[in-house]
Amino acid sequence: MNKSFTLFIFIFFAIPAAYAKNIQFESHQVIKNKALAYLSSRLDAEDIEHTLQIQHIDPRLKLKKCPLEIEINLTQELVKPGKNTLNIQCKSPAPWRVFITADVTLFSQALVAKYPLNKGHLIQKNDLKLETIKLTGLRTAYLSDPDRAVNHVLKRRVQRGDLISVKNLSKPTLIKKGDKITIIAKNNGFQISMKGTALTAGGKDDKIRVKNSKTKKIIQGIIFDAQTVKVTL
């Protein structure tokens, strides 16, 4: 074979091979670290206790070194307990994009029962304590402020350490249907009171229907206490 032709073949194939060897690729671990830092910054800003685990990137995936800052965004608006998908991309002239999953475990302080409490129990502050709970998989609204649970009634029995959930609380009934009450009406600086009868039951600040005992007129008012309903004329 002609020596010059042999040299041409060598140069033709050797240059791309040498070029390929000089191509730099992003470290998968660096990408994972960037994703971890991004999620941590989002959660730290909200002062939420958490743990994070970033999914491994397929080792067969070769991503060219990005000359620009790698962009990382969630595919949804907020970080949520459980699986979150991250959109990671390089917007260089030779762009690439990869989606990876992050498992997020969130923790919060929540009210739990200090000891067993029966259905119908009127909750007091010494019935409660704060504990750190895992939010992942939690399907009920929880409370962390004791004032939002105190003086509410349990709809069902709870055991020691059980979460005090919003759906298990109700306001105590101050006025029952048929109760004789005082209706206080206000209008432009003057106030009048009259006797009446409750047509529906309710707790403090609930709106109920009442009937004026004298005029028999049915109106709506707000429960103030166990004997009083306020209306605005």
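**A helix, a hairpin and a buried alanine**

Author: In this predicted model, the hairpin formed by β10 and β11 has 5 residues between its strands, and Lys216 there adopts a positive phi near 65°.

Reader: What is the place of Lys216, and is the residue buried or exposed?

Author: Lys216 sits in the loop between β10 (207-212) and β11 (218-223). A residue counts as exposed when its relative accessible area is over 50%. Because its relative accessibility is 55%, Lys216 is exposed.

Reader: How many bridges join β10 and β11, and which residue of β11 is the bridge partner of Lys211?

Author: The strands β10 and β11 run antiparallel to each other and pair over 5 bridges. Across that pairing, the partner of Lys211 in β11 is Ile218.

Reader: Which side chains of β10 point to the buried face?

Author: The side chains alternate along β10.

Reader: Which residue stands opposite Asn212 of β10?

Author: Strand β9 (residues 190-198) also pairs with β10, in the antiparallel sense and over 3 bridges. Opposite Asn212 stands Gly196.

Reader: What is the phi of Asn151, and where is this residue?

Author: Most residues other than glycine have a negative phi. Asn151, which is not a glycine, has a positive value near 70°. Its place is the loop between β5 (128-134) and β6 (153-154).

Reader: Why does Ala149 count as buried, and which residues does it touch?

Author: Ala149 also lies in the loop between β5 and β6. The cut-off for buried is under 20% relative accessible area, so Ala149, at 0%, counts as buried. Leaving aside residues up to four places away in sequence, Ala149 touches Leu111, Ile123, Leu128, Leu143, Ile164 and Leu169.

Reader: What distance separates the C-alpha atoms of Ala149 and Ile123?

Author: Ile123 is one of the residues that Ala149 touches. The two are 26 residues apart along the chain, and their C-alpha atoms are separated by 6.7 Å.

Reader: Which residue caps the N-terminal end of α2?

Author: Helix α2 (residues 28-45) has 18 residues and spans 26 Å from its first C-alpha to its last. At its N-terminal end, a side-chain oxygen lies 3.2 Å from the backbone nitrogen of Gln29. The residue that supplies this oxygen, and so caps the helix, is Ser27.

Reader: Which strands do the buried residues of α2 pack against?

Author: The buried residues of α2 include Ile31, Ala35, Leu39 and Leu43. They pack against β1 (49-54), β2 (71-74), β3 (82-90) and β4 (96-113).

Conventions. Residues are numbered from 1 along each chain as its sequence is written. This is a predicted model: local features need pLDDT of at least 70, side-chain atom pairs count only at pLDDT 80 or more; totals for chains, interfaces and linings use all residues. Side-chain values use heavy atoms; hydrogens and water are left out. Helices (H or I, at least four residues) and strands (E, at least two) are DSSP runs, numbered from the N terminus. The expected span of a helix is 1.5 Å times one less than its number of residues. Buried means under 20% relative accessible area, exposed over 50%, partly exposed in between (1.4 Å probe, protein chains only). Contact means heavy atoms within 4.5 Å. A polar contact is a pair of N or O atoms within 3.5 Å; within protein, one must be able to donate a hydrogen and the other to accept it, and residues adjacent in sequence count only if both atoms are side-chain atoms. Two strands pair if DSSP finds at least two bridges between them.
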